Amino acid sequence: MNVPPMIGIDSLQVAFGHGAQRMVAVDGVSLRVADGECYGLVGESGSGKSTVLRAVSGLNPDWSGRVSIGGVEQAATRSKGFFKTCQMVFQDPYGSLHPRHSVDRILAEPVAIHGLDDADGRINRALREVGLGPSFRFRYPHQLSGGQRQRVAIARALILEPRVLLLDEPTSALDVSVQAEILNLLRRLRATYGLTMVLVSHNLAVVANLCDRLAVMNRGRLVEELTVEALRRGDARQPYTQQLLRASQGYDRATADSFRDFA
Amino acid sequence: MSEPLLEVSNLRVSFPTRQGVTEAVRGVSFTLGREKLGIVGESGSGKSMTGRSILGLVPPPGRVTADRLAFRGEDLRTASDKRLRAIRGSGIAMVMQDPKFSLNPVMTVGRQIAEAYRVHTRASAREAKRRALEMLAAVRIRDPERVYDRYPHEVSGGMGQRIMIAMMLIPDPALLIADEPTSALDVTVQMQILAILDDLCGQRGMGMIFVSHDLNLVASFCDRVLIMYAGRVVESCRAADLHNARHPYTRGLLDSLPRLDDDRRDLPVLTRDPAWLTDDPAAEALR
């Protein structure tokens with residue numbers, strides 16, 4: 001039973017600024033994600049959920065605490081091997097693809113960086129995997145819709161055959177019908193490849209759809225961890241989580257009055 | 001209900017492009033009383049352009065035509081620029097999605113709100129300031145005196161949106177057009193802002209057009225809903241009945257939403273029927 005978790009985070013702390021300007025964005029967050037699990041991080045803006053993800057992915061080197069991926073302790077700067085294991089998909093499909101690179105070049109770059117063979121076959125496979133035909137290979141991002149761009153971003157992450165996929169609000173810039181397609185795609189990929197996923201989102205229903213467990217964050221702290229079944233039952237222990245649940249159930253005049261700030 | 005606040009008939013917005021004319025809005029008609037009307041649809045459905053065209057805010061080279069476009073019986077198509085400027089703000093006000101791009105960054109928020117009042121009422125500077133402070137309190141900003149002297153970059157997104165709403169409501173408009181007023185905000189802040197709008201509609205008898213992509217929000221907040229697809233209204237119903245909508249597009253949108261009270265995993269994907277684009281009798285019958 002003592003299998004090391006795929007992702008282990010211990011007392012993670014991230015602060016920005018110095019002296020009087022110092023702002024602690026993530027304050028002592030610890031969590032574990034098992035191999036093949038999908039874990040949700042929810043919270044409002046400024047809760048630190050994306051900052052946790054950026055520290056895990058190596059995009060933000062300024063953190064303290066311990067982060068391990070696949071049982072390997074990670075330092076501030078990451079090895080090339082790390083990026084082969086762990087890839088990320090960003091929120092804004094309009095900003096995360098190079099506007100002057102074709103889909104082919106976008107997908108070829110990670111293959112070249114990691115010195116993998118058969119770039120041609122890999123690109124075709126990755127495109128097929130995300131439901132885009134080979135006809136998309138020589139298009140530019142401006143010739144794609146938002147959903148298609150997000151599929152390219154997912155293909156770029158998958159082309160290295162990673163074991164961990166970090167998702168930062170992957171559907172919040174998309175229309176609901178496209179969101180459904182992307183969520184279905186992510187669920188299928190996870191089942192096919194046994195991917196471990198961390199999904200950051202402010203939308204509880206999206207997290208419930210894809211994840212097994214989730215953590216609720218507020219002001220840099222982890223408020224509580226619960227299973228998706230408990231979330232669906234409305235079985236939250238902390239008042240902050242209960243408020244978040246009520247707020248996501250549509251507008252209600254009386255509910256709006258009951259809201260308060262949680263320090 | 002007395003005379004309608006707003007009458008729109010066969011509204012069309014088109015943009016000439018190199019590939020020919022693109023029609024963003026293709027024949028939208030509705031009348032609005034003192035109620036909260038929701039317009040929902042996906043990106044590109046023409047919902048924002050419908051809201052903008054009412055105030056004559058469609059950017060050139062866009063062209064707006066309508067058989068009728070009248071505010072309290074007054075024709076907006078033939079109104080002079082001067083008359084339109086008077087109507088904008090005091091008759092019809094508009095709240096945009098993002099306060100970051102809608103507030104003047106080099107003017108304190110208090111002065112901006114007071115200016116909105118003075119343009120329409122010729123009140124003294126002191127009176128305008130007093131009203132602006134009252135308005136800030138009305139949108140539940142805790143310390144109005146302190147916020148009055150702040151610049152837009154010094155306030156949070158939620159507070160910025162409240163400031164926008166205060167600015168739009170201070171000339172006491174009869175109709176508020178809100179284009180995704182809360183979609184950039186956290187859910188709890190969103191609820192609080194909607195509560196403010198809800199109260200103001202109730203207390204002042206204001207009419208409201210609420211443009212949004214969020215079906216659940218519109219269903220729970222508005223009185224009536226228009227569902228737009230590709231520039232046309234495909235269905236119109238009472239907001240409370242939205243979940244029993246009949247048009248396949250509306251049904252498809254509702255079904256594709258993940259829900260907390262439903263543990264099915266694979267979400268049905270919307271398949272678009274080309275027939276939705278044309279005036280088919282079946283869609284007419286649904287309206």
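## Basis of the model

The model is predicted, and local features need pLDDT of at least 70, side-chain atom pairs count only at pLDDT 80 or more, and totals for chains, interfaces and linings use all residues. Residues are numbered from 1 along each chain as its sequence is written, while chains are lettered from A and ligands numbered from 1 in the order in which they are written.

## Overall make-up of the chains

Chain A contains 10 helices and 10 strands. Helices (H or I, at least four residues) and strands (E, at least two) are DSSP runs, numbered from the N terminus. Along the principal axes, the C-alpha atoms of chain A fill a box of roughly 55 × 45 × 40 Å.

Chain B has 11 helices and 11 strands. Its radius of gyration is 20 Å, close to the 19 Å that the globule rule gives for 287 residues, so chain B is as compact as a globular protein of that length. The C-alpha atoms of chain B fill a box of roughly 60 × 50 × 45 Å, again along the principal axes.

## The six-stranded sheet of chain A

In chain A, six strands form an open sheet with mixed pairing, in the order S6-S7-S8-S3-S9-S10. Two strands pair if DSSP finds at least two bridges between them. The edges are strand S6 (86-89) and strand S10 (221-227) of chain A, each of which pairs on one side only. From one strand to the next, the twist averages 20°. Angles run from 0 to 180 degrees between N-to-C directions, and axes are lines fitted to C-alpha atoms, for helices over the stretch in contact.

Strand S9 (residues 213-218) of chain A is joined to S10(A) by six bridges in the antiparallel sense. Asn218(A) stands opposite Arg221(A) in S10(A). Helix H5 (residues 146-158) of chain A lies across S6 and strand S7 (164-168) of chain A, and runs at about 175° to S6(A).

## Other strand pairs and a loop in chain A

Strand S1 (residues 7-16) of chain A pairs with strand S4 (residues 64-69) of chain A over five bridges, in the antiparallel sense. Here Ile9(A) stands opposite Val67(A) in S4(A). S4(A) is also joined by two bridges to strand S5 (residues 72-73) of chain A, and these two run antiparallel. Ile69(A) has Val72(A) in S5(A) as its bridge partner. S4(A) and S5(A) form a hairpin with two residues between them, and Gly70(A) in the turn has a positive phi of about 60°.

Asp118(A) also has a positive phi, of about 50°, although it is not a glycine. Asp118(A) lies in the loop between helix H3 (103-113) and helix H4 (119-129) of chain A.

Chain B has an open sheet of six strands in the order S7-S8-S9-S3-S10-S11, with mixed pairing. Strand S7 (92-95) and strand S11 (232-238) of chain B are the edge strands, and each pairs on one side only. Neighbouring strands of this sheet are turned by 20° against each other on average, direction ignored. Strand S8 (residues 175-179) and strand S9 (residues 207-212) of chain B pair in the parallel sense over five bridges. Asp179(B) stands opposite Val211(B) in S9(B).

The peptide bond from Pro60(B) to Pro61(B) is cis, with omega near 5°. Pro61(B) is found in the loop between helix H1 (47-54) and strand S4 (63-65) of chain B.

## A helix pair in chain B

Helix H7 (residues 157-169) and helix H8 (residues 187-204) of chain B pack at an angle of about 10°, with their axes 10 Å apart. That makes H7(B) roughly parallel to H8(B) (angles under 35 degrees count as roughly parallel, over 145 as roughly antiparallel, 65 to 115 as roughly perpendicular and the rest as oblique).

## Contact between the chains

Between the chains, 30 residues of chain A are in contact with 30 residues of chain B; two residues are in contact if their C-beta atoms, placed from the backbone, lie within 7 Å. On the side of chain A that touches chain B, the largest share, seven residues, comes from H6(A).

How values were computed:
The radius of gyration is taken over C-alpha atoms; the globule rule is 2.2 Å times the number of residues to the power 0.38.
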